[in-house]
Structures are given as C-alpha cells and as structure tokens.
Amino acid sequence: IDHIKGLGIFKTVNAKIKDGSTDNLKIIDIIVEEKPTGEITLGAGVGTSGSTIGGGIKEKHFLGKGINLANNLEISEKTIKDKFDYTHPNFAYTDRALSTSLESTATDKLTEFGYKSTLNKISLGTEYEQYEDLFFSPAISIADESLETTSDASDAYKKQEGSYFDTTFAYGLTIDKRKQKFQTTDGYRSSWFQELPISSNTASILKSYSFTTYGEPVDDMIISSGFLVRAVNSISNDDVRVSKRLYAPSKRLRGFQSGAVGPKDGNDYVGGNYLATINTSSTVPFILQTLESVDLKVFLDVGNVWGVDYSSAVDDSNKLRSASGVAVEILTPIGPLSFSFAEAISKASTDKTETCRFQLGTTC
C-alpha cells in the first residue's frame, strides 16, 4: 500500500482485507482514486545580488504505464540549463527501471570573467533491487564540452581552454530501510555514488555519500537528519576541470544563493574539490495539523565548500556556513508548493545570501 501511495499517481489509496477460503489466505481489495499526474514546476529565489528562476513540466504516468517524463529549465543571469529525463520503472516487465537523460548547459561570463562554456550530455542507465532493500543503479554517459576564453580570463580558465569529449561510467548503491517511502516517519536511507572515467581528456573521479534518518518522537512531529559528502579529484597530471568542480545544492544549504558559496577566484565563484552538508528538519506538531495537505517545518542547514587544486593563491574558503528558518509545504493539484524563509547564522565574507525561496513542483 505504501509503495502504491509513493508512486504519486493516485489521489487516495485504501485497502480492505477479508478472509480467504482458508485460514492462511486473505483477500485484499485495493481501492484507488485517479488524479491528474501532470505537474508544473516553478521556482524562484531572491538574494542579495538578484533573483533566479526556473521551471518545467513533468508527467508521472505517461501512457498509463507509470513512465516518468520531465523537462526542467533553469535560468540565472549568466547560465541557462535545460534537462530532459525519461524513466520507465518496469522496462519490458523485467522489474528493472530504464532511464535516459539529455542535458544542455550554456554559461556566458565573457564580459565579467572572460570565459564562455557549453556542455551537452546524454546518459543511459538502469536501477534494480539487487538484494532486499539494496538497489544498484549503473549508468553510461557521453559528454561534449567546450571552453572559450579572452584575455580577461584567469590563468586557470586559459589553461583549460579547448574542447573535451568524455565517456564515463557511474554507479550507485542505495540501502533503503525506510518504513514507508510515502511520508516517511521511521527508518533510514544510505546512498553511495561514484563516477569513473572511461575515456577523457582530463580524467577525474567523483565520489559521493549521503545518509538520512527519520523518526517520529511524538505524533505529527517528524524529524529528519542527514548529511552529504562529495569529493572530486584528478587521476591525471591535470587539474580538475572547472566544470566538474563542486557547488553546494541549494536545497541542502538554504539561506545562500545557489553557486555563490565557496572558493572565489577574483570575483568568480569557482567551486571546490570537496563538499559537505548537514541537514536537520522537523515538522511542527499541533500547528496546521487539521490541514492534511499542509506541513510547517523548521530547519537547520550547515555546509562547506572548499579546496582549490589549480592554484595556491586562491582562498579555498574553508569555513562552515549555516542557516536556519521555516518552510511551509502545501500539496496542491499541480504538485507540492514550498516557501522557505532562511537567515544565515555563519558565513564567509564572500558568500551571497538568499532570504526567500519559492518552489512549485517536485524539485523543492
């Protein structure tokens, strides 16, 4: 029943259990109510230096087969990113998911920082339950990237100017011990991810591990706590390519503008070789509890982005950032609506903060 609810394609899911023809048999009637499965995704953030917007569309039940289709567009002052995802949860009735994605990113900072980059990428992968609660997800990706610079660019960008063609193999191992995947109240989820180069002009390895645990100490008070650590390191004599450097995900470090935390080369945020975040959130009991579609949460986010391998002259910004705030999540007919208000507690002098963030859709 929890699995069916977790699909997100039914408005209500109820079950009736009746006695079967013998004592050890039961009859289970599952009654579902259909709902629209298409979603509109909208997002906006307001920070100290301006705003960011994004949007997309998603269909969870394409052709009535549970196929997921999604297209997401993100636009900032200097970057445009578009990504299309396709996932078939039970390809050819093999109990294995088949997924593919197409991604295109263009970054134009010629005027301010003297460089412009484009990245086009295609991926093909699968996911299946290897053992009970242990999921394996391998994938192959092919990417084409180009970097153009002018005399105003930093030495690091000038050094990496040119075209690149990469073929990589990635895999994930996930242990999912959540009591239920829909509105989780107990259990944990542990996930390891690694990306390895098959063919690359500048070979590097990406490693990532995340862990999240859930608990409900009192009714309607659900606490989730977790952490994320990532590292990217070169395995050749070259530095890690600037496009492969790490930035803190905006959903894991609220209160700060996306991409504006960490090492800074001149006026440009260049990301780091290492990333770590710790997140804790809790629903607030007894407030809005009469509204089943509304959740009020308080949260604390702590994170850091550091490490510059290409230059010892660049400040690696090894400082803990933290922010706390409140978030309201509302389940609407076109997807979940989330509004958060966050205030930075600790930050580096070069960081850009973001007080308010609005999300409509499943990307929040």
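Here is a short walk through the protein chain, from its overall build down to a few paired strands.

What you see is a predicted model, where local features need pLDDT of at least 70, side-chain atom pairs count only at pLDDT 80 or more, and totals for chains, interfaces and linings use all residues. Residues are numbered from 1 along each chain as its sequence is written, and side-chain values use heavy atoms, with hydrogens and water left out.

Let's start with the big picture. The chain has three helices and 20 strands; these are DSSP runs, with at least four residues (H or I) for a helix and at least two (E) for a strand, numbered from the N terminus. Its radius of gyration is 22 Å, close to the 21 Å that the globule rule gives for 364 residues, so the chain is as compact as a globular protein of that length. That radius is taken over C-alpha atoms, and the rule is 2.2 Å times the number of residues to the power 0.38. Along the principal axes, the C-alpha atoms fill a box of roughly 80 × 45 × 30 Å.

How much of the chain is buried? Buried residues make up 36% of the 364, where buried means under 20% relative accessible area (1.4 Å probe, protein chains only).

Now zoom in on some strands, which count as paired if DSSP finds at least two bridges between them. Strand E6 (residues 79-88) pairs with E7 (residues 97-109) in the antiparallel sense over 10 bridges, and His88 has Leu98 in E7 as its bridge partner. E7 also runs antiparallel to E8 (residues 115-131), joined to it by 13 bridges. Here Ser104 has Asn120 in E8 as its bridge partner.

Key: Buried < 20%, exposed > 50% of the residue type's maximum accessible area, 1.4 Å probe, protein only.
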